[in-house]
Amino acid sequence: MASKMTTVCEYKPGLEGIPAAQSSISYVDGQRGILEYRGIGIEELAQKSTFLETAYLLIWGELPTNEELEAFKKEILYHRRIKYRIKDMMKCFPETGHPMDALQASAAALGLFYSKRALDDPDYIRRAVVRILAKIPTMVAAFKQMRKGNEPVQPCDHLDYAANFLYMLNEQEPDPIAARLFDVCLMLHAEHTINASTFSAMVTASTLTDPYAVVASAVGTLAGPLHGGANEEVLSMLEEIGSVDNVYPYVEECLQHKRKIMGFGHRVYKVKDPRAKILQSLAEQLFEQPGCDKYYDIAVEFEKAVEEKLGYKGIYANVDFYSGLVYCKLGIPRDLFTPVFAIARVAGWLAHWKEQLEENRIYRPTQIYTGSHGVSYKTMAERDSYPC
Ligand code: SDX
């Protein structure tokens, strides 16, 4: 029987520009700075929607009716708490460990408690989606408390998704405006087509493993500084710059040493990330007038300087540039910025997991072999006689 001929496409490092899936979940136009979730512009969702409603839209493809949304919110509320065994496991984590490593371990551990798989059962899919969306914020907040030797703060049932996370984190009910701003941040970070962590989720999902392993894979991928970890680095960079006067010399030094500037550049956007624009307006609301927070003023000057120097290469501020400033103002510790990104992006990972299962084919790309052939085995004596 003739073997299925596969045409080998041209090799592109990092699969740049190579379609790895067909998807209807989100759309990005990198030249025009457009991001749509299920066809709805991110700007309109940020204004009119909430994170849970947006998660529902991404995962099930339509905006929920009032009844559907209320039922979804109630299910999430019911599943917010985590098993005491997961808390006991966290007690063994070193307090100096990075919260993204703690989150990856805890997300994978969820699979130990829900080990029955039924990937072709819509009820199983819904239960897994609800559990993961509901428990990830609780696990992030629990590790933050426990690494300080405190008991985790139990979820507060009369607070909505965003407010409850800030409550579990800071042990006090957040200001409603702060909670709303945080909810918008979660929406902005929820989904972004086939980014590295979503692709990682899809590859893991394609082997038909459980959704908890899928999320654990994606968390590990998001943690890298070239991806979700950049927001944490941006604040350190602004601190290192220290003053508005030092911005241009700092940028010059980065360029001289060909250092990647955190919070800038994007594989797809060659204009300012539409999410960065919205995050900047949130930061402006939080910082009101210039001068009230020096790091915001440094950031605005820094963005201007980088645009002047690198805009011609299509390098502009991305989603990670202003998010850290907003999180800082909301009382979120710096090393939790990327776990917060993960809390939001779980919606996108779960949407792609569900979509992948609907028409699955295990990922197995090919390679261009650059090694040798027909090499003979060398005995230890022959090896030891290699010229030094
Ligand atoms: C996220 O994919 C997604 O959608 C990701 C994300 C999502 O929502 O999931 O949007 C979230 O990950 C945002 C990106 C966060 N990361 C950072 O801010 C880290 C800094 N950014 C860079 O590392 C970089 O821009 C990447 C990784 C984001 C994209 O890199 P590419 O597409 O691989 O580009 P490249 O490294 O091939 O660079 C092309 C040129 C190079 O110059 P030349 O060698 O051609 O002269 O642009 C330069 C690079 O040096 N360049 C930068 C730069 N980014 C690219 N130069 C300085 N600073 C930068 N940030």
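This is a predicted model: local features need pLDDT of at least 70, side-chain atom pairs count only at pLDDT 80 or more; totals for chains, interfaces and linings use all residues.
## The three-stranded sheet

The sheet is open and has 3 strands. Their order is E1-E2-E3, and the pairing is antiparallel. Strands E1 (26-29) and E3 (40-41) stand at the edges. Each has a single partner strand, so one side of each lacks a neighbour in the sheet.

E1 and E2 (residues 34-37) run antiparallel and are joined by 4 bridges. Serine 26 stands opposite tyrosine 37 in E2. Aspartate 29 stands opposite isoleucine 34 in E2. The hairpin of E1 and E2 has 4 residues between the strands. In this hairpin, glycine 33 takes a positive phi near 65 degrees. In a regular strand, side chains alternate between the two faces of the sheet.

## The H3 and H6 crossing

H3 spans residues 66-78. H6 spans 122-146. The two helices pack with their axes 8 Å apart, at an angle of about 60 degrees. H3 and H6 are therefore oblique to each other. Their crossing is right-handed.

Which residues meet where H3 and H6 pack? From H3 come Phe72, Glu75 and Ile76. From H6 come Arg126, Val130, Leu133 and Ala134.

## Helix H15

Helix H15 covers residues 319-329. Of its 11 residues, 9 are buried, so the helix is largely enclosed by the rest of the structure. The buried residues are Val319, Asp320, Phe321, Tyr322, Ser323, Gly324, Leu325, Val326 and Tyr327.

What covers these buried residues? The cover includes H8, helix H11 (230-241) and helix H13 (274-287). It also includes helix H14 (294-310) and helix H16 (337-358).

## Helix H9 and methionine 202

H9 is mostly covered, with 7 of its 10 residues buried. These are Ser197, Thr198, Ser200, Ala201, Met202, Thr204 and Ala205. The buried residues of H9 pack against H10 and H16.

Methionine 202 lies in this helix. Its relative accessibility is 2%, so methionine 202 counts as buried. Which residues does methionine 202 contact, leaving aside its neighbours within four places in sequence? They are Ala21, Ile194, His352, Gln356 and Tyr363. Lysine 258 is 56 residues from methionine 202 along the chain. The C-alpha atoms of methionine 202 and lysine 258 are separated by 33 Å.

The structure holds 16 salt bridges. One of the pairs is glutamate 70 and lysine 73, whose side chains meet at 3.3 Å, N to O. Both residues lie in helix H3. They are 3 residues apart, about one turn of the helix. Glutamate 70 counts as partly exposed because its relative accessibility is 37%. Lysine 73 also counts as partly exposed, at 36%.

Arginine 180 and aspartate 183 form another salt bridge, at 3.5 Å, N to O. Both lie in helix H8 (residues 176-188). They too are 3 residues apart, about one turn of the helix. Are arginine 180 and aspartate 183 buried or partly exposed? Arginine 180 is partly exposed, at 31% relative accessibility. Aspartate 183 is buried, with a relative accessible area of 7%. An α-helix has 3.6 residues a turn, so residues three or four places apart point the same way.

Arginine 117 is partly exposed, with a relative accessible area of 47%. Aspartate 210 counts as buried because its relative accessibility is 12%, and the cut-off for buried is under 20%.

Note on methods: Residues are numbered from 1 along each chain as its sequence is written. Side-chain values use heavy atoms; hydrogens and water are left out. A salt bridge is a side-chain nitrogen of Lys or Arg within 4 Å of a carboxyl oxygen of Asp or Glu. Buried means under 20% relative accessible area, exposed over 50%, partly exposed in between (1.4 Å probe, protein chains only). Two strands pair if DSSP finds at least two bridges between them. Axes are lines fitted to C-alpha atoms, for helices over the stretch in contact, and angles run from 0 to 180 degrees between N-to-C directions. Angles under 35 degrees count as roughly parallel, over 145 as roughly antiparallel, 65 to 115 as roughly perpendicular and the rest as oblique. A crossing is left-handed if the near helix is turned anticlockwise from the far one by less than a right angle, and right-handed if clockwise. Contact means heavy atoms within 4.5 Å.
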